[in-house]
Amino acid sequence: GHSSTNPLCGLGTPPPTHTCNMTDVERLSRVEKRAKEAELTLEQLKKYVEVLKNSSGKRVTRCTHSLSDKSTIGSAKTEIQHLSEENGKLEKEIERLRETLVTLEIKNGVAQVPPPRAVRTIAVTREDGVVQGTPPGAVAQQTALPLPAEEVARSKDLVTNSEESTKKVSKETTTQDKKKDSVNESKLKKKPDDPAAKKAGDDESNDEIVDVSKLDMRIGRILNANRHPDADSLYVEEVDVGEPKTRTVVSGLVKHVPLEGMQNRLVVLLCNLKPAKMRGVTSEAMVMCGSSPEKVEIIDPPPGSVPGDRVTFKGYPGVPDAQLNPKKKIFEQVQPELRVSEEGVACYRGVPFMVEGKGVCKVAGMRNSAIK
């Protein structure tokens, strides 16, 4: 049995502390033990009541000294009621102590893992045989019930699947991190901090030689030339460069060459510049000229040249690019070394503009000047 006195009465609420008090743990253990004993007694009394009811007033040998007649049943019910109330108080005290313990553990950094819980209702049988739920004043017991075998197996499967998923994600993350590290190492290798090393690396990665052989210079014939409709300083020419279709060329020569001097004339054209719009008209090539601060003159091809003839340079046998990449600024790198010589011959590093089998290109009225 149980005494009618609550074993926790007079304990009071323990003062909050930052460490787990061993006395509270002992109290919690003792209270839980008393609650279990009370539960066993309740179950035993219920069995006695059921036996008495089924025996229709006959005495049962097992409980002859305590449960013999109707008055004994009433006494048993009173005892059940009393024990239920006491059990409710004990459970409240258990819950209070548990909350205190959890609070202290949280303050000390102990991780909390709540156990599975199920609500259990204490069934009480009345005299008329009707089973009622938790009696007034009693608290529904929340007891951790054992899971069925199927639930246990399912939980294990879930845990296993979760672990496998975690391993898979971890593996993928590791692979991605390795790829990132590899890319970062590659970038570091490509971008050395040492300027000299960087220059050497650039030279190795860019084995392209930039010289006049990159330029596609050809002989062209201006079929007709007109003033640009929207620019007073520009001509718009239709030029034959030996292709099935003529090219449109825009030149800023209005101030230097009269319009009649542009008609039906052979010129040297740079043909692999990227087409560009000039005041609304797309120019597909550039007329090469000798240039000085005082004047600009068109370079004359050698006699016998025809549209489409290639202009070559001895010692520079490279193949011209199909189209110069503006970002690489190839023409801008080559142009400073294009000059008119003392003899009036157009040259690159002293090597004449040559049309194979026909001669060199000249600028009649200029000496020692740039070519643009």
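User: In this predicted model, is Asn368 buried, partly exposed or exposed?

Analyst: The class follows from the relative accessible area: under 20% is buried, over 50% is exposed, and values in between are partly exposed. Asn368 has a relative accessible area of 44%, so this residue is partly exposed.

User: Where does Asn368 lie, and what is its phi near?

Analyst: Asn368 sits in the loop between strand 19 (359–360) and strand 20 (369–371). Its phi is near 50 degrees, a positive value in a residue other than glycine.

User: Is Arg279 buried or exposed, and in which loop is Arg279 found?

Analyst: The cut-off for exposed is over 50%. Arg279 has 54% relative accessibility and therefore counts as exposed. The loop that holds Arg279 runs between strand 9 (276–278) and strand 10 (281–283). For Arg279, a residue other than glycine, phi is positive as well, near 55 degrees.

User: How many cavities of 30 Å³ or more are there, and which residues line the largest cavity?

Analyst: A cavity is space where a probe fits but cannot get out. The count here is one cavity of 30 Å³ or more, and the largest cavity holds about 30 Å³ of space. Its lining consists of Asp24, Val25, Leu28, Leu97, Thr100, Leu101 and Leu104. Helix 1 (22–54) and helix 2 (70–107) are the elements that each give two or more residues to this lining.

User: Which helix gives the most to that lining, and what is the lining like by class?

Analyst: Helix 2 gives the most, with four residues. By class, the lining of the largest cavity has five nonpolar residues, one polar and one charged.

Definitions and conventions. Residues numbered from 1 in each chain as written. Predicted model: local features only at pLDDT ≥ 70, side-chain atom pairs only at ≥ 80, totals over all residues. Heavy atoms only, no water. Buried < 20%, exposed > 50% of the residue type's maximum accessible area, 1.4 Å probe, protein only. 1 Å grid on protein atoms, 1.4 Å probe; cavity = no way out; pocket = protein on both sides within 12 Å on 5 of 7 lines; lining within 4 Å. Points joined across faces, edges and corners; volume = space filled by probe spheres on them. Nonpolar A, V, L, I, M, F, W, Y, C, P; charged D, E, K, R; others polar.
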